[in-house]
Amino acid sequence: MMIHSISEDECVRLLNSGDAKAVSFLMDHYYRALALFAQKITGSPETAADIAEESMIKVWENRGHFASFAAIKKYLYQCARNACFNELKLGGRRERRHEEYTRRQEPSEDFVLNEIIRADVMAEIYTAIEELPEKMGQVFKMAYIEGLSNGEIADQLTLSIHTVKNQKTRALELLRLQLQGKEHLLSLLLMLIALSGPEKNIPVH
Amino acid sequence: MNEPQLERALRIASLIKAQRKGVELSAPETSELQQWRQENESHETLYQQLSDVQMIAADLEQMDSHDPEAAKLRLTRKITRPGKLHFMRWAAAAAILAAVAVTAVWLLQSPKPEMRPVTAQVIRDIQPGARKAYVTLGNGNRVVLDDVKAGEQVGNAVKTADGKLVYQSSASQAVTYNTVTVPRGGVPQFVELPDHSQVWVNTESSITYATAFTGTIRKVEMTGEVYFEVAKNGKPFVVQTRTDRIEVMGTHFNINSYSDEAAVKTTLLEGKVRVGNAVLAPNEQYANGKVVRIDAVAMQRVMAWKNGLFSYDKVDVQTLMRDLGRYYDMEVVFEGMPTRRTFEGEIGRSLSLKEVLDGLHFTELNYRLEKTASGNRIVMLPE
């Protein structure tokens with residue numbers, strides 16, 4: 001969880017003056033996204049984690065040379081992309097360290113650029129989910145990432161099912177995501193019910 | 001993947017992000033996004049995926065499996081304190097990057113002994129921020145910001161934990177004027193004005209403002225170099241420099257009015273300002289009655305100080321030394337002819353003078369540091 005939040009401008013200033021808080025900020029906001037990007041290109045989660053970490057180290061090593069936050073981001077993606085391509089070309093020194101490795105073809109530049117766009121947008125979506133109110137964030141993750149049913153979520157969090165549905169709808173709204181399917185319509189009705197805290201556990205099936 | 005392609009991709013990403021947050025895109029932004037979506041089926045697919053929760057769920061799951069906290073712990077071990085510093089492109093016309101760092105002072109090589117003051121002592125190094133920013137309150141009292149504890153009040157303002165001075169709007173207080181001054185040798189100071197405008201005051205600069213903007217306009221006087229991010233509140237915001245009056249509504253701009261520079265330069269990043277009889281659009285700069293468009297690279301140079309850097313593109317040694325003299329609070333004297341070579345590169349401002357000059361020394365600038373009765377002095381020696 002991020003405790004002290006700094007702005008992108010402050011991150012640049014802190015980075016350039018050698019304050020490691022800047023790296024913490026970058027890690028919080030971009031580590032997962034860089035790992036996502038690298039995993040899409042190389043196919044290996046362990047390699048992806050290494051690449052994300054090494055890109056951050058390279059940014060730190062070049063501190064003092066970034067004139068803007070945009071410059072830092074560019075550099076991160078460039079480092080990650082180059083590291084991915086090196087992996088694919090050399091067949092990976094990492095292959096020896098990590099067991100799971102699928103040999104892949106070098107992707108097209110368009111593919112890479114698409115994945116950069118995806119990673120950058122996902123970075124923000126992920127942060128937005130982290131910033132959801134606690135219960136809502138839990139419901140969202142359980143519903144859409146873990147794939148639990150409304151009943152299972154209601155049981156685990158001791159909420160009523162209609163609270164669960166409400167929270168799902170509101171989370172999607174806050175994140176401005178859409179959901180395909182009728183669930184959405186049903187939830188609209190439930191939006192009229194205000195949430196006022198933990199509800200009594202009404203047994204439902 | 002070349003740089004323009006990467007920049008375009010990041011631009012598209014920020015347009016998609018803005019749309020997701022419900023921000024309205026401008027006409028050119030909308031058409032840029034449209035064009036990208038239409039030029040390739042994979043682009044449209046990606047666009048649809050990024051707004052559908054079921055489609056992104058797998059990505060979220062993947063992201064969840066990576067933990068930045070564990071990685072941060074590993075990183076802190078790998079990150080060492082600055083020992084080796086990289087100086088990017090400190091290149092002059094015929095520079096050779098020497099591998100030898102020479103100590104900053106040698107006494108016996110001055111070619112013109114009569115120019116050396118009799119009382120000069122040799123000094124080793126100067127750290128930045130030796131002199132401290134201070135506030136002059138309405139009653140004339142001066143408060144040095146460094147002496148104020150975090151959370152303490154300074155007049156109508158509070159000093160925050162990270163050294164910023166933030167004013168609270170308070171209608172009941174009598175209006176007085178405060179001045180924030182960063183002396184020569186001080187590091188930039190951040191101030192949040194009573195209307196929530198954000199201001200960065202550079203070295204050897206000051207701003208004077210009312211502690212409550214009660215009139216029909218918000219007026220600020222300044223000297224030196226200040227960067228503004230003006231909050232929109234319906235009242236015009238007016239900045240008075242030694243020669244110009246700049247009027248804005250809500251906007252981000254930098255004004256350089258150092259008296260030892262040739263002209264007062266107003267550079268606009270965002271928004272709109274009126275200065276003289278010109279109205280500036282973003283990425284335009286006004287000086288001496290003329291408006292020029294500046295590119296992204298030049299803009300970075302203007303804003304470098306706020307981002308903690310010195311940033312130069314073909315600067316002459318006099319300009320370079322004038323900036324260093326101001327920041328490290330030292331007098332600059334040239335012995336013999338100053339070199340005609342130009343310098344370019346970026347260097348962090350948290351470095352000590354010696355570290356900066358060691359970088360310079362690679363480009364064969366010779367100098368001597370001395371202490372005089374009135375302070376520090378750097379003597380630039382001829383090549």
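Start with the lining of the second largest pocket in this predicted model: by class, it has 12 nonpolar, 11 polar and 13 charged residues. The pocket itself has a volume of about 1,000 Å³. To find its centre, select A:Arg13, B:Asp162, B:Gly163, B:Val187 and B:Pro188, which are the closest to that point of the 36 lining residues.

Now colour the elements around the pocket. Those that give two or more residues to the lining are H1 of chain A, and strands S9 (189–192) and S10 (198–201) of chain B. H1(A) gives the most, with 4 residues.

Next, select A:Glu10, which sits in helix H1 (residues 8–16) of chain A. Is A:Glu10 buried or exposed? Its relative accessible area is 15%, which is under the 20% cut-off, so A:Glu10 counts as buried. Show the residues around A:Glu10: leaving aside those up to four places away in sequence, it touches B:Asp162 and B:Lys164. B:Asp162 was also one of the residues closest to the centre of the second largest pocket.

Move on to helix H2 of chain A, residues 21–42. H2(A) has 22 residues and reaches 30 Å from its first C-alpha to its last, close to the 32 Å expected at 1.5 Å a residue. Where does H2(A) bend? Centre the view on A:Tyr30, where the helix bends by about 50°.

Because 18 of its 22 residues are buried, H2(A) is largely enclosed by the rest of the structure.

Terms used: Residues are numbered from 1 along each chain as its sequence is written. Chains are lettered from A and ligands numbered from 1 in the order in which they are written. This is a predicted model: local features need pLDDT of at least 70, side-chain atom pairs count only at pLDDT 80 or more; totals for chains, interfaces and linings use all residues. Side-chain values use heavy atoms; hydrogens and water are left out. Buried means under 20% relative accessible area, exposed over 50%, partly exposed in between (1.4 Å probe, protein chains only). Contact means heavy atoms within 4.5 Å. On a 1 Å grid over the protein atoms alone, a cavity is a set of points where a 1.4 Å probe fits but cannot get out, and a pocket is an open set with protein on both sides within 12 Å along at least five of seven lines; lining residues have an atom within 4 Å of a point. Grid points are joined across faces, edges and corners, and a volume is the space filled by probe spheres set on the points. Ala, Val, Leu, Ile, Met, Phe, Trp, Tyr, Cys and Pro count as nonpolar, Asp, Glu, Lys and Arg as charged, and the others, Gly among them, as polar. The expected span of a helix is 1.5 Å times one less than its number of residues. The bend at a residue is the angle between axes fitted to the seven residues ending there and the seven starting there.
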